[in-house]
Amino acid sequence: SLKNYIGVLNEDEFIKLSKQIYDITDFICEDYPKHKEWYFHKQIPRIFTPSGEILFARSEEDENKIIAMACLKKDEEEQKICTLYVSDQCRGQHLGTRMVEASMEFLGTTKPLITLADYKLPMFQPIIEKYDWELTEVVSGLYNDRAKELCFNGKLTIRLDFNKKTKKIKNRLILFFIFFHKANQEKYCIY
């Protein structure tokens, strides 16, 4: 757990470890263009709160080599495995299962929200079947135009609709305040 290193490592060492964990997933920016920004600006700060966690595994041969990771989010709205990755050379050794089980323990559920690009389904099928996860939504164009996002054990569109509505309300309030400010300036001109 990266959280276990807070206060143990100095700042430079913590940043270095955070980057090492990120680096094994850098390639997924092809599917999720804002992955790097999300990891460093949302997920890393989240682990300093009870709602976030980053689990990782090191190679037995080389403890500086990260071979698996999982980014987790747990709040009132969702218990989500945001990112799950096991390096190619370590697949088939039940490391993915151990990462999923540790993730479910942190999240407090055996049915966490997890999404994946449709073409990755064969890679995740054994875990999906093992834990009887339910496909609950398919979303097109969410992160890119190349793949549909498959949602298991929950829905993303509920949250997306809420975020859109919140953004619309926020924009309307900004326009109202601009208009209100201009109207008051005209009434109370100071010379």
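Predicted model: local features only at pLDDT ≥ 70, side-chain atom pairs only at ≥ 80, totals over all residues.
**View 1. Overall arrangement of the chain.** The secondary structure comprises 5 helices and 6 strands. Along the sequence these elements follow the pattern α-α-β-β-β-α-β-α-β-β-α. Of the 191 residues in the chain, 39% are buried. Among contacts with a separation of 6 or more, 54% are made by residues 24 or more positions apart.

**View 2. The open sheet of 6 strands.** The strands are arranged in the order β1-β2-β3-β4-β6-β5, and their pairing is mixed. Strands β1 and β5 (135-140) form the edges, each pairing on one side only. Direction ignored, neighbouring strands of the sheet are turned by 20° against each other on average. As a general point, strands of a sheet pair through backbone hydrogen bonds, in either a parallel or an antiparallel sense.

**View 3. The hairpin of β2 and β3.** Strands β2 (66-74) and β3 (79-86) form a hairpin with 4 residues between them. Their pairing is antiparallel and extends over 7 bridges. Residue A70 has L84 of β3 as its bridge partner, and K74 is likewise bridged to Q79 of β3.

**View 4. From β3 to β4.** Strands β3 and β4 run parallel and are joined by 2 bridges. The bridge partner of K80 in β4 is L113.

View 5. Strand β3 is mostly covered, with 6 of its 8 residues buried. Residue T83 lies in this strand. Is T83 buried or exposed? The relative accessibility of T83 is 8%, and T83 therefore counts as buried, the cut-off for this class being under 20%. Leaving aside neighbours within four places in sequence, the contacts of T83 are T25, I28, H35, W38, M69, A70 and C71. Among these contacts, A70 is the bridge partner of L84, and H35 is one of the buried residues of helix α2.

**View 6. Helix α2 and its two faces.** Helix α2 spans residues 35-46, and its buried residues are H35, Y39, Q43, I44 and R46. Viewed down the axis of α2, these buried residues fall within an arc of 140°, so they line one face of the helix. The face turned away from the buried side carries the exposed residues H41 and K42. Which elements are included in what covers the buried residues of α2? The cover includes helix α1 (11-23) together with strands β1 (52-58), β2 and β3.

**View 7. Helices α3 and α4 against the sheet.** Helix α3 (residues 95-107) lies across β1, β2 and β3, and runs at about 25° to β2. Helix α4 (residues 121-130) also packs on the sheet, where it touches β3, β4 (113-117) and β6 (148-152). The direction of α4 makes about 155° with that of β4.

How values were computed: Residues numbered from 1 in each chain as written. Heavy atoms only, no water. Buried < 20%, exposed > 50% of the residue type's maximum accessible area, 1.4 Å probe, protein only. Arc of directions from axis to C-beta. Contact = heavy atoms within 4.5 Å. Pairing = 2+ DSSP bridges. Axes fitted to C-alpha atoms, helices over the stretch in contact; angles between N-to-C directions.
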